[in-house]
Amino acid sequence: MVREKCEFWEKKLRECGLRLTRQRKEILRVLIKTNGPLNAREIFSELTSSEDFLELSTVYRNLQAFSKRGLIREIDLGTGEKYFELNTGDHHHHLICMGCGEVLPLGCPLRHLEKDLSRETNYSIIDHRLNVYGVCPTCQEK
Ligand SMILES: [Zn+2]
Ligand SMILES: [Zn+2]
């Protein structure tokens, strides 16, 4: 399953006109494995275990290249750091633990609000942002 996903995203990467380097392949693998938002440092720390020589700035540059081509999405979790996740095209939000930083995907509860708002104000609604913060069960026990 993971292998199929890797092949899918590697194909997408090539279709975007990017060369599939070893590092790009690794970055994709980390994002697929995690299935949630990660920052550049977290991705970097996952990579160093299997790669002999890497720099954080290169990882960051690759993430920017992915993001520019729509392969991944940049996410603001309100922590002041940029997070990235694969752009699967499905619209969702995030539930963030303020203790350990765990991030869970959250279905969108705002569809109705958008419709009502549009009706009331005659605005054509384009986007909205929502993050929910809390403390996960593990952190509550600490
Ligand atoms: Zn937690
Ligand atoms: Zn939403």
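Mentor: A crossing is called right-handed if the near helix is turned clockwise from the far one by less than a right angle, and left-handed if anticlockwise. Helices (DSSP runs of H or I, at least four residues) and strands (runs of E, at least two) are numbered from the N terminus. The model is predicted, so local features need pLDDT of at least 70 and side-chain atom pairs count only at pLDDT 80 or more, while totals for chains, interfaces and linings use all residues. Residues are numbered from 1 along each chain as its sequence is written, with chains lettered from A and ligands numbered from 1 in the order in which they are written.

We begin with helix H3 (residues 40-47) and helix H4 (residues 56-68), whose axes come within 10 Å and cross at roughly 120°. Such axes are lines fitted to C-alpha atoms, for helices over the stretch in contact, and angles run from 0 to 180 degrees between N-to-C directions. H3 and H4 are therefore oblique to each other; angles under 35 degrees count as roughly parallel, over 145 as roughly antiparallel, 65 to 115 as roughly perpendicular and the rest as oblique. The crossing of H3 with H4 is right-handed. Residues are in contact if their C-beta atoms, placed from the backbone, lie within 7 Å. By class, this contact has 8 nonpolar residues, no polar ones and 1 charged. Ala, Val, Leu, Ile, Met, Phe, Trp, Tyr, Cys and Pro count as nonpolar, Asp, Glu, Lys and Arg as charged, and the others, Gly among them, as polar.

Helix H2 (residues 22-34) also packs against H4: their axes come within 11 Å and cross at roughly 75°. H2 is therefore roughly perpendicular to H4. Here Gln-23, Arg-24 and Ile-27 of H2 meet Thr-58, Val-59 and Asn-62 of H4, a group of 2 nonpolar, 3 polar and 1 charged residues.

The axes of H2 and H3 lie 10 Å apart, at an angle of about 110°, which means that H2 is roughly perpendicular to H3. Glu-26, Ile-27 and Val-30 of H2 are in contact with Ile-43, Glu-46 and Leu-47 of H3; 4 of these residues are nonpolar, none polar and 2 charged.

We may now turn to the whole chain. The protein chain has 6 helices and 6 strands, in the sequence order α-α-β-α-α-β-β-β-β-α-β-α. A domain assignment, whether automatic or from a database, gives domain 1 (2-86) and domain 2 (93-141). The centres of the two domains, taken over C-alpha atoms, are 24 Å apart, and 4 residues of domain 1 touch 5 of domain 2. On the domain 1 side, 2 of those residues are nonpolar, 2 polar and none charged.

Lastly, pLDDT is the predictor's confidence in each residue, from 0 to 100. Its mean for the chain is 90, with 96% of residues at 70 or more. Among the elements, H3 has the lowest mean pLDDT (89) and helix H6 (residues 137-141) the highest (97).

Terms used. Contact = placed C-beta atoms within 7 Å.
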